[in-house]
Amino acid sequence: MSDREDIIDVLTLYATGIDRRDWPLFRTAFTADCVLDYGDIGTWHGVDEVTAFMDQAHAMAGHTLHRLTNHAVTVNGATATARTYIDGLIMAADNASGVNAIGFYDDDLVLTPAGWRIARRVFTSVRVVAV
């Protein structure tokens, strides 16, 4: 596979890890010292911190669907950047109500011995509505 395809696979690991509540899988998307800035939601330093937050934030949720599209990936040797649109649906435990959050991720990625990993992510929220 190409670097671009490998990077898109890593971005998808993030979404799949959350939606399956598979935290070991989720962790494989990031470097150990990653930094994630989600604006008003929070900023996390390190894969342990972000995994603990996501686990806690989704523990009482029902179904979740993190759909990623419009991948704009630029590879420069062992580093890369990516902008990815996110359409996230997070349902309450009863699956009758929830939140639809739409925005985009700006990621800095690095090529590690284990493959591409997200080193820094900035999430920009565009629209959040109750469903």
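Residues are numbered from 1 along each chain as its sequence is written, and side-chain values use heavy atoms, with hydrogens and water left out. Because the model is predicted, local features need pLDDT of at least 70 and side-chain atom pairs count only at pLDDT 80 or more, while totals for chains, interfaces and linings use all residues.

## The sheet

Helices (H or I, at least four residues) and strands (E, at least two) are DSSP runs, numbered from the N terminus. Two strands count as paired if DSSP finds at least two bridges between them. In this model, 6 strands form an open sheet in the order 2-1-6-5-4-3, and the pairing is mixed. Strand 2 (43-45) and strand 3 (64-76) are the edge strands, each pairing on one side only. From one strand to the next, the twist averages 20°.

Two of the strand pairs can be described in more detail. Strand 5 (residues 98-112) and strand 6 (residues 115-130) run antiparallel and are joined by 14 bridges. Within this pair, Phe104 stands opposite Thr124 of strand 6. Strand 3 and strand 4 also run antiparallel, with 11 bridges between them. Here Leu68 has Ile86 in strand 4 as its bridge partner. The hairpin of strand 3 and strand 4 has 2 residues between the strands, and Gly77 there takes a positive phi near 70°.

Positive phi values also occur in residues other than glycine. Asn70 has a phi near 50°, and its place is in strand 3. Asn95 has a positive phi of about 60° and sits in the loop between strand 4 and strand 5.

Contact means heavy atoms within 4.5 Å. Axes are lines fitted to C-alpha atoms, for helices over the stretch in contact, and angles run from 0 to 180 degrees between N-to-C directions. Helix 3 (residues 47-58) packs on the sheet and touches strand 1, strand 2, strand 3 and strand 4; its direction makes about 60° with that of strand 1.

How far should the 12 residues of helix 3 span at 1.5 Å a residue? The expected span, 1.5 Å times one less than the number of residues, is 16 Å, and the end C-alpha atoms of helix 3 are 16 Å apart, which agrees.

Buried means under 20% relative accessible area, exposed over 50%, and partly exposed in between (1.4 Å probe, protein chains only). The buried residues of helix 3 include Val47, Val50, Thr51, Met54 and His58. They cover an arc of only 100° around the axis, so they lie on the same side of helix 3; the arc is that of the directions from the helix axis to the C-beta atoms. The buried residues pack against helix 1, helix 2 (23-27), strand 1, strand 2, strand 3 and strand 4. Asp48 and Gln56 are exposed, on the face of helix 3 turned away from its buried side.

## Individual residues

A polar contact is a pair of N or O atoms within 3.5 Å; within protein, one must be able to donate a hydrogen and the other to accept it, and residues adjacent in sequence count only if both atoms are side-chain atoms.

| Residue | Partner | Distance |
|---|---|---|
| Thr64 | Asp19 | 2.7 Å |
| Thr64 | Arg21 | 3.2 Å |
| Arg121 | Asp107 | 2.7 Å |

Thr64 lies in strand 3 and is buried, with a relative accessible area of 6%. Leaving out residues up to four places away in sequence, Thr64 touches Ile18, Asp19, Arg21, His58, Leu89, Ile90 and Met91. His58 is one of the buried residues of helix 3.

Ala78 lies in the loop between strand 3 and strand 4 and is partly exposed, with a relative accessible area of 41%. Ala78 and Val110 are 32 residues apart in sequence, yet 5.8 Å apart in space, C-alpha to C-alpha. Apart from neighbours within four places in sequence, Ala78 is in contact with Leu109, Val110, Leu111 and Trp116. Asn95 is also partly exposed, at 33% relative accessibility.
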